[in-house]
Amino acid sequence: MPIEQALQERSGNKCELCGSVDNLSVYEVPPVAEPNSDKSILVCDTCNTQINSNDNYNMTHWRCLNDSMWSPVPAVQVMAYRMLKRLNSESWAQDLLDMIYLEDDVRAWGDSGFGDAPEDEEPTLDNNKATLAAGDNVVLIKDLVVKGANFTAKRGTPVRNISLTSNPLHIEGRVNGTRIVIISDYVKKM
Ligand SMILES: [Zn+2]
């Protein structure tokens, strides 16, 4: 079963962090070697943008962690834990961090240092060295063979509403309805 479908079934087609039903997409909770649904969560646009940000956190929005930190899904627990750590200057977030319950291996995953707020000094750059941001539209400048999905994404194909990843050399976007990782040097901002 495709990851997205598995997550839609698990979550009832809702953001697994805040419960929103708007613009859901798959977020792989780093580090991910082999993407699978156990290592991924379904998130809304707002959560995704905030996860990929290192500032301007919407504190009202993140009160949702009060509920989602009790999810039975380890990947959701890890993202709730990581976001609470980023927000821990707020006393309510610190209170939740004191309460959150994580199995040892889940806590180790949460503490692994991946998926923290992106660093300012490592921007994701396109082929023209222009800085890319989540939500940008780009165009492929090379033919890409998409392994596993069995098609070639042709040069010139637009990829709309990209996501950044924890690796500044990679972006993610949807081509032919399939979400793929794309080397940022192979795209140009539109
Ligand atoms: Zn959300």
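**Group meeting: a predicted model with a zinc site**

Leaving aside residues up to four places away in sequence, N48 touches S25, Y27, V43 and S163, where contact means heavy atoms within 4.5 Å.

First, the ground rules. This is a predicted model, in which local features need pLDDT of at least 70 and side-chain atom pairs count only at pLDDT 80 or more, while totals for chains, interfaces and linings use all residues. Residues are numbered from 1 along each chain as its sequence is written, and side-chain values use heavy atoms, with hydrogens and water left out.

Back to N48. It lies in helix α2, residues 45–51. Helices here are DSSP runs of H or I with at least four residues, strands are runs of E with at least two, and both are numbered from the N terminus. N48 is buried, at a relative accessible area of 10%. The cut-offs are these: buried is under 20% relative accessible area, exposed is over 50%, and partly exposed is in between, with a 1.4 Å probe and protein chains only. N48 and N23 are 25 residues apart in sequence, and their C-alpha atoms are 9.8 Å apart in space.

Helix α2 also holds Q50. Q50 is buried as well, with a relative accessible area of 11%. Its side chain reaches the backbone nitrogen of N58 at 2.8 Å. That is a polar contact, meaning a pair of N or O atoms within 3.5 Å; within protein, one must be able to donate a hydrogen and the other to accept it, and residues adjacent in sequence count only if both atoms are side-chain atoms. Not counting residues up to four places away in sequence, Q50 touches N56, Y57, N58, W62, M83 and R86.

Now the metal. Which residues are the protein donors of the zinc ion? They are C15, C18, C44 and C47, each through SG, lying 2.2 to 2.4 Å from the ion. Donors are N, O and S atoms within 2.8 Å of the metal, or 3.2 Å for Na, K and Ca; water is not among the atoms, so sites may look incomplete. The spacing of the donor residues in sequence is C-x2-C-x25-C-x2-C. The 4 donor atoms subtend angles of 101 to 118 degrees around the zinc ion, so the arrangement is tetrahedral. Four donors count as tetrahedral if all angles lie between 85 and 135 degrees. For reference, the ideal angle at a metal with four tetrahedral donors is 109.5 degrees.

Next, the sheets. Two strands pair if DSSP finds at least two bridges between them. Strand β3, residues 138–140, is joined to β10 by 3 bridges, and V139 has K188 in β10 as its bridge partner.

Another open sheet of 3 strands runs β7-β8-β9, also with antiparallel pairing. Its edge strands are β7 (163–164) and β9 (178–183), each pairing on one side only. Strand β8, residues 170–175, and β9 pair over 6 bridges; one of the paired residues is R174, whose partner in β9 is R179. The β8 and β9 hairpin has 2 residues between the strands, and N176 there takes a positive phi near 50 degrees.

Some backbone details in the loops. The peptide bond from P30 to P31 is cis, with omega near -5 degrees, and P31 is in the loop between β1 (25–28) and β2 (40–43). K129 has a positive phi near 65 degrees; it sits in the loop between α7 (104–110) and β3 and is exposed, at 59% relative accessible area. N161 has a positive phi near 55 degrees. N161 is in the loop between β6 and β7 and is partly exposed, at 47%.

Last, the whole chain. The protein has 7 helices and 10 strands, and buried residues make up 42% of its 190 residues. Among contacts between residues at least 6 apart in sequence, 58% join residues at least 24 apart. The C-alpha atoms fill a box of roughly 50 × 40 × 30 Å along the principal axes.

Conventions:
Four donors count as tetrahedral if all angles lie between 85 and 135 degrees; four count as square planar and six as octahedral if opposite donors are over 155 degrees apart and all others between 65 and 115; anything else is irregular.
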